[in-house]
Amino acid sequence: MSLAIDIRALRFRYPGAAGDCLDIEAFQAEAGERVFLHGPSGSGKSTLLGLVGGVLQAQQGSLELLGHDLSRLRPAVRDKLRADHIGFIFQQFNLIPYLSVMDNILLPCRFSLRRQRRASEDEGTSLREQALRLLSHLQLDGIEQVSVTRLSVGQQQRVAAARALIGKPEIVIADEPTSALDADRQTAFLDLLLQECDAANATLLFVSHDRRLARQFHREISLPSINRALVEHSGR
Amino acid sequence: MSRNMKRWGLIALLMLFGILSNAISGDGNKDKSSKSYKVGERLPTAPKAAAGATTPYRKLNWDELMPADWDPMKALKGLDLSKMQDSDPRAMEALEKVRAAWNDAPIVPELNGARVEIPGFVVPLDVDPGRVKEFLLVPYFGACIHVPPPPSNQVLHVLVPKTLNKEQQAALKNAVLMYGTISVSGTLETVSINTAMGFSSYRIKADSIDPYKASEYSSTGR
Amino acid sequence: MKHLLHLAWRSAWNRRLTLGLTLAAIALSVTLLLGVDRLRHEAHRGFSLSVSGTDLVVGARTSPVQLMLYAVFRIGEATANISWESAQQIVANPLVAWAVPISLGDSHHGFPVMGTSAAYFDHFRYGDSQSLVIQSGNPFRDTFDVVLGAEVATGLGYRVGDSIVLSHGMGEAGLPEHRDKPFTVKGILKPTGTPVDRTLHISLEGMSAIHLDWVGGAPMPGFSIPGQYVQKVDLTPMEVTAVLVGLKSRAAVFRVQRQINESPVEPLLAVMPGVALEQLWQVVGVAERAMLAVSAMVVVVGLSGLVAVILAGLNERRRELAILRAVGARPRDIFLLMTAESLLVTLGGVLLGILLLLVASLLLAPHIQSAYGIPLRTILVSPEELKLLTALMAIGLLAGLVPGYRAYRISLTDGLMPRI
């Protein structure tokens, strides 16, 4: 199996910072793997996601995304890779308020031709139909024309998941997607998400501080344990 | 951040204003080559020898329009104006004589039919600067505004040709608006009105109206 | 690119209340700027078409601009008249080809009345050397005939054969009338687009006739001469307001002008129409430029308002920008998005402004035409105005770059995690 994410000897510091923010010797995620990344705030989680997403670039080391080394690529190329291969889910406020649910879900297809094609080549369906299918799987039938502002948080998170999954990206990154949900909804959301990621054979990188959710994942990694920059700056 | 923003904002505002007012005043664009003339200023009209001698038009000097034996200042001869007051009746009488002489100045009949090119200042005849069919050409600036008009043998009635290219049209319109300079090439005619006073004047059927090219003329002809 | 425009449109529509206000501000400023510019052009154009082929206009010694205004453009009133003797002398000048005396001072429902000779219709030219044409009826022949300009006929609904009463003096209402001597509409002129359209033309004799029993601007009480007897009296006018002169040789204009200006009979002023009009434009030009500058400033203010509104809203939109980056938007796309939003509003404002101007000119044109004789063409936009609008849009584009650039920088620093 090939590696979806392959990080080696990665070091990153923010401009003007005194020391490294991230110093990771090795981190890999295989294709189709479910990885639970546990990280309290301040552990460099946002930075890591920024690096994997290609909006930040490490000063040293290599970060390979599906074989492409992001640390050597221009910003435009990194943006394209992100558009083509990664779907994001954030903790909250995932959706663009002035677009409909349908338009929100289809956003990645506007920025990536590859995802647009992959979305509609499956059984020759149209983009709309793919989006509707995802909504259905996520138990959100019939809301595609509803205004985003009128959805509950749970519904919004599931729409965000649909958006992350449209066009079958190889990697899905979820940053605390359940933290804003009620306890009883959290597991339900997680189940749906895992189910869809499996169906798409996507690598899922799930970041959360709630270790109780880690049960259903192949691997659980604690960010402070692999980020040597934290050790050096302990006592901050 | 906010201080920078204010500075950029102010610069942007000034730029916007500058560009917009430029666009507006670009409407009444001044001819780039027109300088502002002093009242009474004449153009150097002696053609430089080096100027191309191959045109069919003879470059005419304003002096040539007056007969050699006619002196526009004749009535003032023998008077030492510097010794007289402005209101001295002799000075007034002399000026009157000069003006009367200018009213009815003799022309040079031999120039009838000559193909000439002559630069001068425009005095508009009609009120539409966009559609100029005729105008008067005089030797100096401000002929009807600030100083007395020239003698009648120094006034050319110009008939504008029907077809002018864009550059010529623009130059003509500009000259009409600013009482500015223009160069006329065409056939000079002497026109006599059969009246008891026998008033004669010059008319020129222009073949071409062009911007005045200062480089082809000098005060001395060298 | 198309999807960015769609996003920009949806985003702008979402904030249509605030953006709508700035759009309205821009629209009004564009209407103002365009309106001032158009009025200026139309006035210049209207005046420059109003007379042609007249070498000199002679009147009492006043300013050349004032003489042109009342004698040719029928705006304002004459300060003094000139004697019939002077007018006759001008006619007799051997260099004069034709001379038409005109007499002003009376009006009819706000339209000026002009007494003149029949030669006026032969010699007066306007525009591109066009003569006056009588559309219906005939030129005046009897003492109390009147020929109407096109505006007068349509504005007051007169036809050939109607009877009208003239008022003494200029003004809208409350003027003494020459009620005992009504005039008959003999002819109506074809429209010219000049002040001729709003003038009523009577003969010089007619003008004398209605003032025979008037002294000092009012009818003499107990002394009135009925219409039918008036014609037995000598109706040669004693004075006229101005004389329009055409010369046998146009080059003789300076000489004749000097002769008239130095007339021993009375102080006269002879002006060359082109020169006098130029003087008018010079005087007015300062005001014109000032008004245009102010209008331009107002447009800049409107655009600044738009930029400020979009900039102010950027902070709340950091989350939105982060989402867009997450789905693959590049900082460049964010920049284009913001600039497009700004441009959309600017364009909308400009279009609305043009529309408003059209409505305004449709409403005001009849009034301006009858009050000043300036025809306002109702056009959407003229070629010169198009240049102005292009410059405006260019500036709008420049203005839009400011929030675009700001959003670009924000997007770069925020990345996927905005600091909110």
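Analyst: Strand β3 (residues 34-38) of chain A is joined to β8(A) by five bridges, and the two run parallel. Strands here are DSSP runs of E of at least two residues, helices are runs of H or I of at least four, and both are numbered from the N terminus. Strands pair if DSSP finds at least two bridges between them. This is a predicted model, in which local features need pLDDT of at least 70 and side-chain atom pairs pLDDT 80 or more, while totals for chains, interfaces and linings use all residues. Residues are numbered from 1 along each chain as its sequence is written, with chains lettered from A and ligands numbered from 1 in the order in which they are written.

User: In β8(A), which residue is the bridge partner of A:Phe36?

Analyst: A:Phe36 has its bridge partner in β8(A). That partner is A:Phe206.

User: How many residues of strand β8 of chain A are buried?

Analyst: Buried means that 20 or more other C-beta atoms, placed from the backbone, lie within 10 Å of the residue's own. A:Thr203, A:Leu205 and A:Val207 point one way from β8(A), A:Leu204, A:Phe206 and A:Ser208 the other way, and all are buried. For strand β8 (residues 203-208), the count is six of six.

User: What is the radius of gyration of chain A?

Analyst: The radius is taken over C-alpha atoms, and the globule rule is 2.2 Å times the number of residues to the power 0.38. For 236 residues the rule gives 18 Å, and chain A comes close to that, so it is as compact as a globular protein of that length. Its radius of gyration is 18 Å.

User: Which helix gives the largest share of the side of chain C that touches chain B?

Analyst: Contact means C-beta atoms, placed from the backbone, within 7 Å. By that test, 39 residues of chain C are in contact with 36 residues of chain B. The elements giving two or more residues to the chain C side include α2 (16-48) and α13 (383-414). The largest share, 13 residues, comes from α10(C).

Conventions
A residue is buried if 20 or more other C-beta atoms lie within 10 Å of its own, exposed if 12 or fewer, and partly exposed in between; C-beta atoms are placed from the backbone. Two residues are in contact if their C-beta atoms, placed from the backbone, lie within 7 Å.
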